[in-house]
Amino acid sequence: MAQRPDSGLRFSVLGPLRAWRGGRALDLGPVRQQALLAALLLRPGVPVRAGELLDDVWGLEPPGTGGRVVPVYVHRLRKGLRADGERTEDSVIASARGAYRFEGDRVRVDVTEFETRVAEAEQASQTGDFPAAVDAADAALALFQGEPLAGLPGPFAEGERLRLTEQRLTLVQDKAMAQLQLGRVDEVVAELFALLAVHPYREPLAVLLMRALRAGGRRADALAVHRRIRARLRTDLDVEPGPALDRELRTTLSSGRAD
């Protein structure tokens, strides 16, 4: 089947949900309408029934109007997204047997570029081209304009926020490992200290930070990082550090005398 022409639409989900046609920003309506759009946009080509969209956006507290709100929101979105003179049947939101489907091949979405850059970074790392891996990771991370789908309600948006945030953190970790291969220790230390302040319980970040500090001759600082995260995990979560942190601690202790 021939690919349909580009609709001229561009979407951003790596931050607040936004849309443009050409250079013109589009009004996507109230937040629950935006959440419904996100539930379609991030499942391109997949038919989603009205009942599932209700669950995605309202969870266990459906609106008083029930399922009647879904076609209303879809109608408004079609109207807001369409080009001048575009017919309903040409909308990027298609209808099919009681379900709705987003025509993802006709739009540009920042998360698609993010995934492409991540794949480039992984390929470069696998071939030992660490400068290219860092550059691709930087390009991917630059696409984030804040918390993904910021402010959107509903279980679907929350699940996607967690998924995309996890992908971002994993990429930061992969980038840090490539930077360490290049000896760019100071960059890694600065970035990971800042990120660990935002994600204070994320053990892989602490492991990498300890490794970077040790590589920079800052053994005492590496041990201090371990003490802090161990105390936070015990006090706040009532858990012990995982095996990766313990291994890094043993490596740091055996690496020489403290500064």
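Three strands, in the order β4-β6-β5, make up an open sheet with antiparallel pairing. The model is predicted, so that local features need pLDDT of at least 70 and side-chain atom pairs count only at pLDDT 80 or more, while totals for chains, interfaces and linings use all residues. Residues are numbered from 1 along each chain as its sequence is written, and side-chain values use heavy atoms, leaving out hydrogens and water.

**Exercise 1.** Determine which strands are the edge strands of the sheet.

*Solution.* Strands are DSSP runs of E with at least two residues, and helices are runs of H or I with at least four, each numbered from the N terminus. Two strands pair if DSSP finds at least two bridges between them. β4 (48–49) and β5 (93–96) each pair on one side only, and are the edge strands. β4 is joined by two bridges to the antiparallel strand β6 (residues 99–102), where Ala99 is the bridge partner of Arg49.

**Exercise 2.** Describe how helix α9 is oriented relative to helix α10.

*Solution.* The axes of α9 (residues 219–237) and α10 (residues 243–253) are 10 Å apart, and the helices pack at an angle of about 150 degrees, where axes are lines fitted to C-alpha atoms, for helices over the stretch in contact (heavy atoms within 4.5 Å), and angles run from 0 to 180 degrees between N-to-C directions. That makes α9 roughly antiparallel to α10, the term for angles over 145 degrees. Residues making the contact include His226 and Ile229 of α9, and Leu249 of α10.

Key
Parallel < 35°, antiparallel > 145°, perpendicular 65-115°, else oblique.
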